[in-house]
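Here are a few exercises to work through with the model open beside you. Try each one before reading its solution.

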Amino acid sequence: MRAVYKKELKTYFLTPGGYIFMGAFLLIAGLFFTLQNLFSGSSDYSSVLGSLILIFLLVVPILTMRLFTEEKRQKTDILLLSSPVSIQGIVLGKFFAAVTVFLITLIITMLFPLLLSFHGRMDWAQIWGTYIGFFFLGSAFIAIGTYISEVAESQTSAAILTFSALLASWIIDYIRSFVPMSPLSGAIFILILLIAGLALFQRKAEDWRITAAAGVVLLIGVIIVYAAAQESLYGLISKSISWFSLTSRFQRFSMGILRLDAVVYYISFSAFFLYLTGSRIENRRWS
Amino acid sequence: MKKISFKVKHAALSVAISIAVLVGLVIINLLAGELDLKFDMTRRDLYTLTEETRQMLAEIEQEVTLYYLAKPGQENITVGELLEQYASSKSVRLEQIDPDRNPGLIARYTETSGEGEDRKTISTGSVIAVSGDRSRVIPYMDLYNVSYDNQGSVNVYGFKAEQSLSAAIQYVATGQEVVIYQLLGHNEYTFEDFGYTESLEKSNFKLKTLNMTTVSSIPEDADIVVILSPSWDYSASETDKLLAFLDRGGSLYIGLDLIQEKIPNLSALLTAWNIRLDRGIIMEQDADRLLSEFGGSPVVFSPLYAGTEITGSLTENNQNMVLASSLGFSAAPIQKRNIELIPILTSTAKSWLRIDLNTASESRVMTDRPGPINAAVGAAEKNIETGFQEGAKVLAVGTASSFAPLSGMGSLKANYDFTVSALGWLAGEDKTINVQSRSLYRLPLQISAANAFVYAGLVVLVIPLGIILVGLIVYIRRKRL
């Protein structure tokens, strides 16, 4: 893992990618900081970090788009897969290299509150808390980008897909208030998820009879749940969005609350996407 | 029987492993949620219950249910954080209610939130505290300190959810209220004239009125007696009744205004409590304490807070009271040892007390008494051995009419907050839950335009462009290799 990590980190600083990410991130962060703090005379830096989530949508694709697509383009992925490094080692090495670049950028932004501290009283504990949340949120976004870079065929498509995925994760919080609440909509929501799962299964299994049989069993299960425990399906979409939402958990950090469950959630979210990335590479290796 | 193909087996295994990983992660998350380990990093512990609330929750015996009106997944995180902490107490049960699905429940409590035509709807985001037959609605807007500017836009400057929720829980669980008798018969104001009634009732104060001429003594259930701007003096027998009330541990809030005739009996009552009423008007000269809205008039000013618990919340929230034509108070010549005199609101050293009220000059004259002058003082009985305040208390304010609503401006929020705090102090800790609202106010930066521009140049131009330039150099050099 260490060798992949070192090589990947080196690549970031020997190619324009790492510098473009850092430059773009710091430019937009600097603009937000200037407008919200310097020119408004406000000492509330945590809310600036909160607004910076928007930057992720734009810059994370720059950071992650080439992680695996570049290997595929140069055909070095075959070399990498035949090397003595484990697949999880490759995925983690690449992921941690991207996270390191992100962390360095974040450390540079710490200059901002330091500048403010010369001119007003800062809530340091709250700022640290927000930074911790910001780091974990960024890492989760990078994990999504890592996975997409494995799925996508080219850097451009990886960038566009990552941007779309992050945009969706950001927008979903806003549409939460408008989603239907009825138990029927909850049941339909479960069905859609199951159909998506079955489609993935069918793609691998290539046996529509087993897929259909599994579908029928799951459909009966959903009907039973709907008939027997209808009340538990009420507001399911909204509750699921709220529980899975990356950005709503970050709100607590920017409010100044450091919660273990939020940290665990971000780590497990990242772990799940890295697991998906690894298992996809594994499949590719054997196919 | 047909054999299951390798692909199906592989797909099933792959799906099973993915589900197992997902379930494992969900379990880890649920366990982490169960641990409920969190740190409130805010400077003012915005989301942590105070010791007063914790103690109150530990003492209540009857179960209290808090209904939080919010659609699933659309809860307010800030309020939710605090409600969760209440729910961790053994005597509080939290239930989230979707307002659209439970109109019956809401209608039941809507009836108790007002009477007749005053009946109000309960907005989403509100909390209903219920215990036995008692209930109280805490509207969403009562969870925050808000003020309205001249354009009507709302400015949220404080978070008072704990204040409102704890008062509601204490009331529904114990039924305990602080009984306030407002004296009538001398053309006094009441809190109703100030528009304070509803808010005071939500803070567990039960307001009653009393005409002193019709009773032989202050009723037994009285905790606090309030006198607001009498137009003439109280008789000696009336002040005797008040002194007897204070002797048995009651508390007195007295708000005065300048009137033509002197008020020797009330003055004597105050003197008995170490307070001397100085007949004169406080005139402020410090530009920082004068108000442009009142044309910079020296008789209208924002007093300084003397650092008592009564004004702690006002200081924290950076709220300025406004006093107009206030009388002054000083220490009585003879000070009783068992009574502690406490300055609460004062004017600055640049102010003075205008004794000769026939003088029209807006500058200081010979007969004026130099500042600072007390505009509000408290006097509390104390245990001489321990030094702690025990028993009766008196609080005197040099202007009562400043608390009346101003035309076009309404009641001043800071003046109202002061009154609630003052009444809470008079009632004592065992009778009220005295939780201060948490300020959301942040001191603005003291930064010059030049500095701001230098920093802006650094963070917007120098650093990002510098990094991109380094990247460009690295890229060009590598290309040449």
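**Exercise 1.** Which domains does the domain assignment of chain A give?

*Solution.* Keep in mind that this is a predicted model. Start with the assignment: domain 1 takes in residues 2-177 plus 245-286, and domain 2 covers 183-234. Next, look at the spacing: the C-alpha centres of domain 1 and domain 2 of chain A are 33 Å apart.

**Exercise 2.** At roughly what angle do the axes of helix 10 and helix 14 of chain A cross, and which residues make the contact?

*Solution.* Locate the pair: helix 10 of chain A spans residues 155-175, and helix 14 of chain A spans 246-255. Their axes come within 8 Å and cross at roughly 75°. Angles of 65 to 115 degrees count as roughly perpendicular, so helix 10 of chain A is roughly perpendicular to helix 14 of chain A. Now pick out the residues: helix 10 of chain A brings S169(A), W170(A) and D173(A), while helix 14 of chain A brings L246(A), T247(A) and S248(A). Sort this contact by residue type and you get two nonpolar, three polar and one charged.

Conventions:
Residues numbered from 1 in each chain as written. Chains lettered and ligands numbered in written order. Predicted model: local features only at pLDDT ≥ 70, side-chain atom pairs only at ≥ 80, totals over all residues. Domains from an automatic or database assignment. Axes fitted to C-alpha atoms, helices over the stretch in contact; angles between N-to-C directions. Helix = DSSP H or I, 4+ residues; strand = E, 2+ residues; numbered from the N terminus. Parallel < 35°, antiparallel > 145°, perpendicular 65-115°, else oblique. Contact = placed C-beta atoms within 7 Å. Nonpolar A, V, L, I, M, F, W, Y, C, P; charged D, E, K, R; others polar.
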